[in-house]
Amino acid sequence: MSDYFQHPTAVVDSPCKIGAGTKIWHFSHIMSGCELGCNCNIGQNVVISPQVRLGNGVKVQNNVSVYTGVVCQDDVFLGPSCVFTNVINPRAAVERKDQFKPTLVKQGASIGANATILCGHTIGRYAMVGAGSVVTKDVPDYALVTGNPARQTGWVSEYGHKLHFNEAGEAVCPETGQRYWFNSGSVTRI
């Protein structure tokens with residue numbers, strides 16, 4: 001008996017590693033050679049490709065394909081139907097599996113519904129990618145990016161609230177009271 005839940009319609013190939021408490025829902029396919037941490041939630045109709053690594057507590061919503069080359073750290077949220085790529089110039093008649101570019105989604109980041117993440121980029125810690133956005137470059141920690149191509153439109157707290165910095169460069173999360181510092185173009189939690 002496994003320590004994770006697998007819906008009867010889900011397919012889990014061997015070998016792969018799946019952490020305790022993880023739930024894999026309807027019609028999802030977990031391919032060999034991937035690693036899913038503890039307490040992940042894999043929604044309906046999700047594909048996790050070989051060599052993908054998901055940390056603990058990752059939530060993958062319905063209709064997401066996480067392709068080889070993607071690594072998601074702990075507590076990442078992947079919104080419904082968001083898209084990852086792994087080749088810059090794909091062609092059906094040209095095999096480029098040796099040219100996959102890695103994508104790193106750092107701890108606590110959220111990617112909104114229908115967003116597209118072009119390969120070879122890093123989404124920073126606790127960053128938020130707005131629904132429908134197209135990410136074509138790295139996203140800093142705590143950044144809020146929206147649009148096509150995605151542009152930074154603000155900063156967010158670890159709880160996803162937009163931060164408003166005072167003249168001294170300090171902001172407070174309205175939900176938690178956590179304090180943040182803006183200095184030299186980046187944000188850190190105090």
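Student: Is E170 buried, partly exposed or exposed, and what is its relative accessible area?

Tutor: This is a predicted model, so everything here is computed from it. E170 has a relative accessible area of 28%, so E170 is partly exposed.

Student: Which strand pairs with β25, and in what sense?

Tutor: Strands of a sheet pair through backbone hydrogen bonds, either parallel or antiparallel. Strand β24 (residues 179-183) is a partner of β25: they pair in the antiparallel sense over four bridges.

Student: Where can I find strands that run parallel?

Tutor: Go to strand β4 (residues 23-24) and strand β7 (residues 41-42), which run parallel and are joined by two bridges. There, I24 stands opposite I42 in β7.

Student: How many strands form the open sheet, and in what order?

Tutor: Nine strands form it, and reading across gives β1-β4-β7-β10-β13-β16-β19-β21-β22, with mixed pairing. The edge strands are β1 (5-6) and β22 (151-155), each pairing on one side only.

Student: Now for the rings. How many aromatic pairs are there by the rule used here?

Tutor: The idea is to check how far apart two ring centres lie and how their planes are angled. The count comes to five aromatic pairs. One of them is F5 with W25, which is tilted: the centres are 4.8 Å apart, with 50° between the planes. This pair links distant parts of the chain, as F5 is in strand β1 and W25 is in the loop between β4 and β5 (29-30), 20 residues apart. F5 counts as partly exposed at 33% relative accessibility, and W25 counts as partly exposed at 29%.

Student: How do the rings of Y126 and Y142 sit relative to each other?

Tutor: Their centres are 5.7 Å apart and their planes are at 15°, so the pair is stacked. Planes under 30 degrees apart count that way. Y126 lies in the loop between β18 (122-123) and β19 (128-129), and Y142 lies in the loop between β20 (134-135) and β21 (143-146), so the pair ties together parts that are 16 residues apart in sequence. Y126 counts as buried at 13% relative accessibility, and Y142 counts as buried at 2%. Ring pairs also link Y126, Y142 and Y180 into a cluster.

Student: Which side chain of opposite charge is nearest to R96, and how far away is it?

Tutor: That is D98, 7.0 Å away. R96 is buried yet has no salt bridge. You will find R96 in the loop between β14 (83-84) and β15 (103-105). Its side chain reaches the backbone oxygen of N89 at 2.3 Å. Not counting residues up to four places away in sequence, R96 touches V87, N89, P90 and R91.

Student: Let's finish with T68. Is T68 buried or exposed, and which backbone oxygen does its side chain reach?

Tutor: T68 has a relative accessible area of 17%, so T68 is buried. Its side chain reaches the backbone oxygen of P50 at 2.7 Å. T68 lies in the loop between β11 (65-66) and β12 (70-72). Leaving aside neighbours within four places in sequence, T68 is in contact with S49, P50, Q51, V52, N86 and F100.

Terms used. Residues numbered from 1 in each chain as written. Predicted model: local features only at pLDDT ≥ 70, side-chain atom pairs only at ≥ 80, totals over all residues. Heavy atoms only, no water. Buried < 20%, exposed > 50% of the residue type's maximum accessible area, 1.4 Å probe, protein only. Polar contact = N/O pair within 3.5 Å; in protein donor to acceptor, adjacent residues only side chain to side chain. Contact = heavy atoms within 4.5 Å. Pairing = 2+ DSSP bridges. Phe/Tyr/Trp six-rings, centres within 6.5 Å; stacked < 30°, edge-to-face > 60°. Lys, Arg positive; Asp, Glu negative; His and termini not counted. Salt bridge = Lys/Arg side-chain N within 4 Å of Asp/Glu carboxyl O.
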